[in-house]
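Colleague: I would like to learn how to read a few features of a model like this one. Could we go through them one at a time?

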Amino acid sequence: MAYQHIEVTPLSGACGAVVSGIDLSEDLDEQRLGEVRRAFHENLVIFFRDQDLTEDEHKAFGRRFGSLNVHPRYIPIEGHPEIIPIRKDPEHTDNIGGVWHQDLTHLEEPPLGSILYALKVPSSGGDTMFANQYLAYEALSGGMKDLLNGMIAVHDNVIQSPKISADKNTTRASKLREDIEEEDEPEMEHPVVVTHPDTGRKALYVNSIRTRRFKEMTAEESKPLLNYLVEHSYKPEFTCRFRWEKGSVAFWDNRCLMHYALNDYPGQRRYMNRVTVNGARPVA
């Protein structure tokens, strides 16, 4: 069915599309918002060019899809606790999101998705890649699907533990809180294969930075299968790659996508603002 109010141009065969003919700073009517939702569900990540958003407009667009997350670790923009500054200055070596992952899967209710807005971009490099986890699941053999269906994985947030925040903060512009006294990072259990609440499709749901092991298995026992699934999840045929420009916006579905921010622009500045929409507990 054709779109009536927006134009949607696929970026790759796996996922991703550029949406044009819309201004995200406006209060979208239900017809346009409905088409944006449809494009989001059909393409998993949608991109908008040449946007000009204030912090309040950025948050207002995010709230059309749900309540906004306040990140448990990153220090937000002053006056806007829902906005994380994704920053890399020329003198810093580390970037944010420089590994294939899904966001905050250690939460009981991980995010629905995130909306990232580009303020300053390097002259080259700094692209973001996305990987379709519907396709990752569907490409598995029947035997592997039978094994995984019903399995539970244990997730945590050790990657952003208070114990390592100080060291990370010396190498990056976006800062983690160092004032958290929590010693033991709580664990959360989620299905290895989840069913998307809006589309009904099954998706692989493990990642390298927060999925620690399988339930009732040790980390050592889990490692071979977990490593296989993680490496399988971002095969090139499942991916798309987005080239940022100032004013670009990406809105991705955290429930069925992995993403990876490339750190290939040494000595250059890359500034983004991110709003994250709360989600629901994943179900098999």
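Colleague: Is glutamate 138 buried, exposed or partly exposed?

Modeller: Glutamate 138, at 38%, is partly exposed. Keep in mind that this is a predicted model, in which local features need pLDDT of at least 70, side-chain atom pairs count only at pLDDT 80 or more, and totals for chains, interfaces and linings use all residues. Residues are numbered from 1 along each chain as its sequence is written, and side-chain values use heavy atoms, with hydrogens and water left out.

Colleague: With which residue does glutamate 138 form a salt bridge?

Modeller: A salt bridge here is a side-chain nitrogen of Lys or Arg within 4 Å of a carboxyl oxygen of Asp or Glu. Glutamate 138 forms one with arginine 201, and the closest N and O atoms are 2.9 Å apart. Glutamate 138 belongs to helix α3 (residues 133–138) and arginine 201 to the loop between β9 (193–195) and β10 (202–204), so the pair ties together parts 63 residues apart in sequence. Helices (H or I, at least four residues) and strands (E, at least two) are DSSP runs, numbered from the N terminus. Arginine 201 is partly exposed, at 33%.

Colleague: How many salt bridges does the structure hold?

Modeller: There are 19. One of them joins arginine 269 to aspartate 89, with 3.0 Å between the closest N and O atoms. Arginine 269 sits in the loop between β14 (257–261) and β15 (270–277), and aspartate 89 in the loop between β4 (83–88) and β5 (113–120), so parts 180 residues apart in sequence are tied together. Aspartate 89 is buried, at 11%, whereas arginine 269 is partly exposed, at 35%.

Colleague: Which residue forms a salt bridge with glutamate 189?

Modeller: Lysine 215 does, with the closest N and O atoms 3.4 Å apart. The pair links distant parts of the chain: glutamate 189 is in strand β8 (residues 188–191), and lysine 215 is in the loop between β11 (211–214) and α6 (219–233), 26 residues away. Glutamate 189 is partly exposed, at 33%; lysine 215 is also partly exposed, at 38%. Salt bridges can also form a network, as they do among Asp56, Lys59, Arg63 and Glu82.

Colleague: What is the strand order in the open sheet of 3 strands?

Modeller: Strands of a sheet pair through backbone hydrogen bonds, either parallel or antiparallel. Two strands count as paired if DSSP finds at least two bridges between them. Here the order is β8-β7-β11, with antiparallel pairing. The edge strands, β8 and β11, each pair on one side only. Strand β7 (residues 152–155) is joined to β11 by 3 bridges, and alanine 153 has phenylalanine 214 in β11 as its bridge partner.

Colleague: Which residues line the largest cavity?

Modeller: Rolling a probe the size of a water molecule over the atoms shows where empty space is left. A cavity is a set of points, on a 1 Å grid over the protein atoms alone, where a 1.4 Å probe fits but cannot get out; lining residues have an atom within 4 Å of a point. The largest cavity is lined by Ile86, Arg87, Lys88, Asn95, Ile96, Tyr265 and Arg270. Strand β4 gives the most to this lining, with 3 residues.

Conventions:
Buried means under 20% relative accessible area, exposed over 50%, partly exposed in between (1.4 Å probe, protein chains only). On a 1 Å grid over the protein atoms alone, a cavity is a set of points where a 1.4 Å probe fits but cannot get out, and a pocket is an open set with protein on both sides within 12 Å along at least five of seven lines; lining residues have an atom within 4 Å of a point.
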